[in-house]
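Open the model in your viewer and keep the selection panel at hand. The tour goes stop by stop: select, look, move on.

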Amino acid sequence: MIVLLGVALVVIGFALRVNPLLVVTVAGIVSALLGGISPLHILEAFGTGFTTSRSVTLAFLVLPIIGLLERYGLQQRAKALVSQAAALTTGRLLLVYLFFRQLTAAFGLVSIGGTPQMVRPVIYPMAEGAALRSYGTVTEPMTETIKANSAAADTVGVFFGEDCFVAIGSVLLISAYVNASYHLKLDALQIAIWAVPTAVAAFLIHGFRLLRLDGRLESMSDDRG
Amino acid sequence: MIGAEWIYWLCGFFFFVVGVQIAFDREHPKRWATSAFWCLFGAALCAGSFITGPGAASALLGAVVIVMALIAGIGLTGRGIVQTTTAAEREASAARLRNLLFVPALTIPAVTVIVALGGGRLVIGGRPLLVPGSQTLVGLGVATVAALAVGWIVLRPKTPGVAFVEGRRLLESVGWAALLPQMLSTLGLLFTQAGVGTQVGAIVQHVVPEHSRILAVLAYALGMVVFTMIMGNAFAAFPIMTAAVGWPILVQQMGAHPAPMFAIGMLAGFCGTLCTPMAANFNLVPPALLEMRDRYGQIKTQVPTAIALLAVNVCFMLIFPFL
């Protein structure tokens with residue numbers, strides 16, 4: 001039971017808004033010590049944990065080219081493009097992106113989107129450009145809301161799209177784990193198909209909220225004046 | 001055969017170059033510690049290629065990682081100011097280059113997808129060109145280099161190195177949060193080794209009522225959510241909750257069909273991923289990259305969707321597996 005103290009440390013640390021890096025490092029060391037792991041093995045675990053998870057960090061590899069494009073006005077161009085399409089509001093634009101992200105992820109094309117290569121350079125500036133056209137100016141709280149919703153559309157889209165694809169990590173994990181543990185013969189396709197109803201529900205729920213975003217932005221812009 | 005290791009070296013090189021730039025920046029508010037953080041991060045990414053399995057080298061790398069985490073964790077690192085173009089200059093350049101600006105940006109997904117889908121079919125001298133299973137990462141690496149080359153041709157910067165100055169600007173806006181996803185994955189490893197999962201599983205088994213279908217489904221779904229929020233991803237929660245509730249109670253006792261029960265159970269866990277700062281690469285890195293004021297702003301936006309979708313998933317779990 002005492003090893004659960006490490007979990008409690010994480011919860012308390014995040015609740016008190018201590019720097020997450022510090023929380024995670026300390027909680028990891030404490031739980032490992034309570035679990036009877038020797039200090040040398042703890043160091044090893046930090047080493048192997050880092051080595052085996054390096055692929056997450058590769059997301060930052062695109063930053064030099066994205067930064068270079070921003071230097072030459074990529075965000076400004078994305079904004080300008082949207083200002084020509086009068087029917088495209090912030091909410092509708094993000095709805096289209098949500099659909100695109102879910103659909104491509106459902107075919108396994110997970111790396112097409114993402115914040116570094118898609119949301120920051122193209123989607124967020126377009127969403128803000130649409131708001132700028134609709135309301136004249138965009139206040140600081142509106143910018144925060146648009147940024148949060150751009151990132152959220154990307155995450156919701158990829159989560160509830162990728163599970164419909166047979167060769168994605170979570171689907172393979174389910175079939176590998178239950179087949180090995182319980183001597184079942186579940187096919188990855190059977191599992192992926194049962195992810196489709198939830199994917200549709202995710203699109204309807206989040207899409208509905210995105211369409212209501214326009215109303216919220218409008219009242220935020222009214223508050224200002 | 002071409003594997004994925006060179007891509008880690010490329011990324012390590014980029015981080016190292018950022019560290020060196022900061023070391024030369026006299027105006028940087030926290031010059032030396034920030035420089036050390038990125039240099040160590042870059043070196044560790046490269047060193048990982050030569051460390052296989054546990055041992056002294058792995059322990060040494062572990063010590064370096066802990067030092068990095070502490071340097072940043074106690075607030076010794078900071079963000080410098082990087083010289084870039086003004087808003088007016090960007091407007092002018094956007095008006096001049098127009099849609100040409102999208103070409104390098106779209107090169108990234110296009111090349112990634114081509115290599116990821118077609119790279120496995122390339123055969124030279126009877127052997128596959130790419131190490132099996134590495135296509136997606138190799139695709140990302142090739143795409144990044146290709147996009148950079150296209151960018152240099154289209155934009156014609158005065159020096160190619162300006163890309164790394166701009167890269168530093170963005171990487172510094174992410175800051176220490178860049179290390180968080182990897183630290184969280186280490187925490188998951190330590191939790192598992194320390195037996196946190198088995199403890200949670202044991203508790204859940206005691207609490208779950210054995211004869212109510214609704215309560216058992218709720219226990220499976222909510223257990224997935226809570227445990228996913230603690231561990232940062234649903235993958236770690238799935239085996240534990242399935243062993244505690246999903247298999248023995250729902251499938252064996254109540255006769256649920258396993259495929260829909262497990263598939264939707266995992267998706268219930270994904271609702272938890274939307275709500276937790278422990279899923280740093282999905283929920284904390286994007287706000288940092290978008291330079292949001294509220295680091296938890298994206299999570300707050302996702303919570304209502306997660307709650308509604310969880311309710312839908314619970315309904316699905318009560319219906320589909322029992323048809």
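A crossing is left-handed if the near helix is turned anticlockwise from the far one by less than a right angle, and right-handed if clockwise. Keep that for the helix pairs below.

This is a predicted model: local features need pLDDT of at least 70, side-chain atom pairs count only at pLDDT 80 or more, and totals for chains, interfaces and linings use all residues. Residues are numbered from 1 along each chain as its sequence is written, while chains are lettered from A and ligands numbered from 1 in the order in which they are written.

**Stop 1: domains**

Color chain A by domain: domain 1 is 4-52 and domain 2 is 59-224. Such bounds come from an automatic or database domain assignment. The C-alpha centres of these two domains of chain A are 32 Å apart.

Now chain B. Select 5-79 for domain 1, 87-161 for domain 2 and 180-322 for domain 3. Between domain 1 and domain 3 of chain B, the C-alpha centres lie 32 Å apart.

**Stop 2**

Select H1(A), residues 4-15. Helices (H or I, at least four residues) and strands (E, at least two) are DSSP runs, numbered from the N terminus. H1(A) has 12 residues and spans 17 Å from first to last C-alpha, close to the expected 16 Å. That expectation is 1.5 Å times one less than the number of residues. Step just past H1(A) to A:Arg17, where phi is positive, about 60 degrees.

**Stop 3: a helix pair inside chain A**

Select H8(A), 115-135, and H9(A), 140-162: their axes come within 9 Å and cross at roughly 135 degrees. Axes are lines fitted to C-alpha atoms, for helices over the stretch in contact, and angles run from 0 to 180 degrees between N-to-C directions. H8(A) and H9(A) are therefore oblique to each other; under 35 degrees counts as roughly parallel, over 145 as roughly antiparallel, 65 to 115 as roughly perpendicular and the rest as oblique. Their crossing is right-handed.

Show the contact: it includes A:Val119 and A:Ile123 of H8(A), and A:Ile146 and A:Ala151 of H9(A). Contact requires C-beta atoms, placed from the backbone, within 7 Å. The contact residues divide into 8 nonpolar, 3 polar and 3 charged. Here Ala, Val, Leu, Ile, Met, Phe, Trp, Tyr, Cys and Pro count as nonpolar, Asp, Glu, Lys and Arg as charged, and the others, Gly among them, as polar.

**Stop 4: between the chains**

How many residues does the contact take from each chain? Chain A gives 96 and chain B gives 115. The chain A side has 61 nonpolar, 25 polar and 10 charged residues.

Select H5(A), 63-71, and H7(B), 162-174, with axes 7 Å apart at about 100 degrees. That makes H5(A) roughly perpendicular to H7(B).

Finish on H6(A), 74-83, and H4(B), 87-97, whose axes come within 8 Å and cross at roughly 60 degrees. This crossing is right-handed. A:Gln76, A:Arg77 and A:Ala80 meet B:Arg90, B:Glu91 and B:Ala94 there.

Note on methods: Two residues are in contact if their C-beta atoms, placed from the backbone, lie within 7 Å.
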